[in-house]
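This report describes a protein model together with its ligand. The sequence and structure are shown first, and the description follows.

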Amino acid sequence: MKILLTGANGQLGRCLQDLFPKTAEVLALGSAELDISNQSAVNTQVEQFQPAIIINAAAYTEVDKAESEPEQAAAVNTYAPAYLASAAKKVGAKFVHVSTDYVFEGNGTQPYIESDAVYPLGVYGKTKLAGELLVQSILPEAIIIRTAWVFSEYGNNFVKTMLRLAKDRPELGIVGDQLGCPTYAGDIAKVILATLENSAPGGIYHFCGDEQVTWAEFASAIFQQAEQQGKLAKQPKVNAITTADFPTPAKRPAYSVMSTAKISEFTAASPWRQSLATVLSRLD
Ligand SMILES: NC(=O)c1ccc[n+]([C@@H]2O[C@H](COP(=O)([O-])OP(=O)(O)OC[C@H]3O[C@@H](n4cnc5c(N)ncnc54)[C@H](OP(=O)(O)O)[C@@H]3O)[C@@H](O)[C@H]2O)c1
């Protein structure tokens with residue numbers, strides 16, 4: 001079983017590599033080995049390797065920076081997935097792509113389902129949505145997993161930022177009016193493998209954590225568990241602030257909770273509190 005993985009050095013890319021079966025022949029490429037926005041490089045790699053499966057874990061993920069770099073964000077999030085989908089189609093490979101809760105406007109009150117209307121608020125969400133649409137038009141059999149609030153022991157993420165800040169600040173102001181579901185990248189890796197093993201039908205699937213929280217509540221959970229594990233001497237006080245108090249270049253959805261009912265046939269939602277404990281235990 002030949003698997004081509006792009007974005008090998010990102011959070012999801014690293015977690016996937018931890019879980020691939022030993023029997024698989026994996027070609028895991030970081031951006032230095034394969035720039036997915038280079039169509040001829042994508043075609044060459046795919047033609048040479050002849051994978052049975054292509055998993056795209058690469059993305060332009062800097063939500064705020066994307067506002068001032070829309071072309072670069074579109075190159076990676078919109079056009080590159082289309083190049084990968086076309087290349088997969090040519091060699092008859094299965095294709096798994098990953099998208100985001102930021103395709104939604106965030107004014108909902110019920111967990112978003114896959115067929116709900118999309119209305120991204122910023123460049124990142126717009127470029128990811130355009131990528132989904134191109135992938136679906138080229139390869140309807142492709143599996144597209146929308147996920148949210150990703151954390152892991154790898155790369156940069158909210159968990160690591162909070163732990164860093166907590167080391168020298170007794171009090172922190174954290175956004176308390178955005179609701180979402182934290183998701184462990186290792187759980188996304190598991191669900192990707194489960195959809196492949198079970199030959200899940202092509203289409204969009206939502207996958208995220210099993211419990212909704214605000215960023216402030218997520219931060220409190222991180223501090224509580226980190227203190228319990230002896231990774232933090234003392235929990236800082238968390239003051240919930242409003243989105244208006246913490247202006248960012250990109251607007252973010254106030255409510256980005258997604259329903260995992262459709263994907264539950266293959267796996268349960270990410271048990272994020274349990275996964276958080278695992279991630280913390282792996283950090284220094
Ligand atoms: N992080 C989140 O909170 C979040 C939320 C919702 C959805 N998602 C989606 O989940 C997926 C995985 O995200 P993640 O958190 O694992 O992201 P990540 O840690 O930021 O990793 C993204 C990877 O993409 C690579 N990349 C960027 N441009 C590339 C290019 N032109 N060619 C090849 N590789 C390139 C980066 O490589 P370099 O570092 O070498 O540039 C990086 O290793 C993405 O599709 C993302 O949109 C993430």
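## Basis of the description

A residue is called buried under 20% relative accessible area, exposed over 50%, and partly exposed in between, using a 1.4 Å probe and protein chains only. The model is predicted, so local features need pLDDT of at least 70 and side-chain atom pairs count only at pLDDT 80 or more, while totals for chains, interfaces and linings use all residues. Residues are numbered from 1 along each chain as its sequence is written, and side-chain values use heavy atoms, with hydrogens and water left out.

## A buried glutamate and a partly exposed phenylalanine

Glutamate 132 lies in helix 4 (helices, H or I of at least four residues, and strands, E of at least two, are DSSP runs numbered from the N terminus). With a relative accessible area of 1%, glutamate 132 is buried. Its side chain makes a polar contact of 2.7 Å with the side chain of arginine 146. A polar contact is a pair of N or O atoms within 3.5 Å; within protein, one must be able to donate a hydrogen and the other to accept it, and residues adjacent in sequence count only if both atoms are side-chain atoms. Residues up to four places away in sequence aside, glutamate 132 touches Ser99, Val103, Ile144, Arg146 and Ile204 (contact means heavy atoms within 4.5 Å).

Phenylalanine 246 is partly exposed, at a relative accessible area of 47%. It is found in the loop between strand 12 (237-241) and helix 8 (272-282). Not counting residues up to four places away in sequence, phenylalanine 246 touches Val175 and Ile241.

## Nonpolar cores

The largest nonpolar core has 65 residues, of which Leu16, Ile55, Ile192, Phe218 and Ile222 touch the most other members. Such a core is a set of buried Ala, Val, Leu, Ile, Met, Phe, Trp, Tyr and Cys residues joined through side-chain atoms within 4.5 Å. A second, separate core of 33 residues includes Leu34, Ile36, Tyr102 and Ala250.

## Ligand surroundings

Around the ligand are 22 residues, of which Ser31, Asp35, Thr61, Tyr124 and Lys128 come nearest (a residue is near a molecule if one of its heavy atoms lies within 4 Å of it). Strand 4 gives the largest share of this shell, three residues.

Oxygen atoms of the ligand lie 3.0 Å from a polar backbone atom of glutamine 11, 2.9 Å from a backbone N or O atom of leucine 12 and 3.2 Å from a polar backbone atom of alanine 59.
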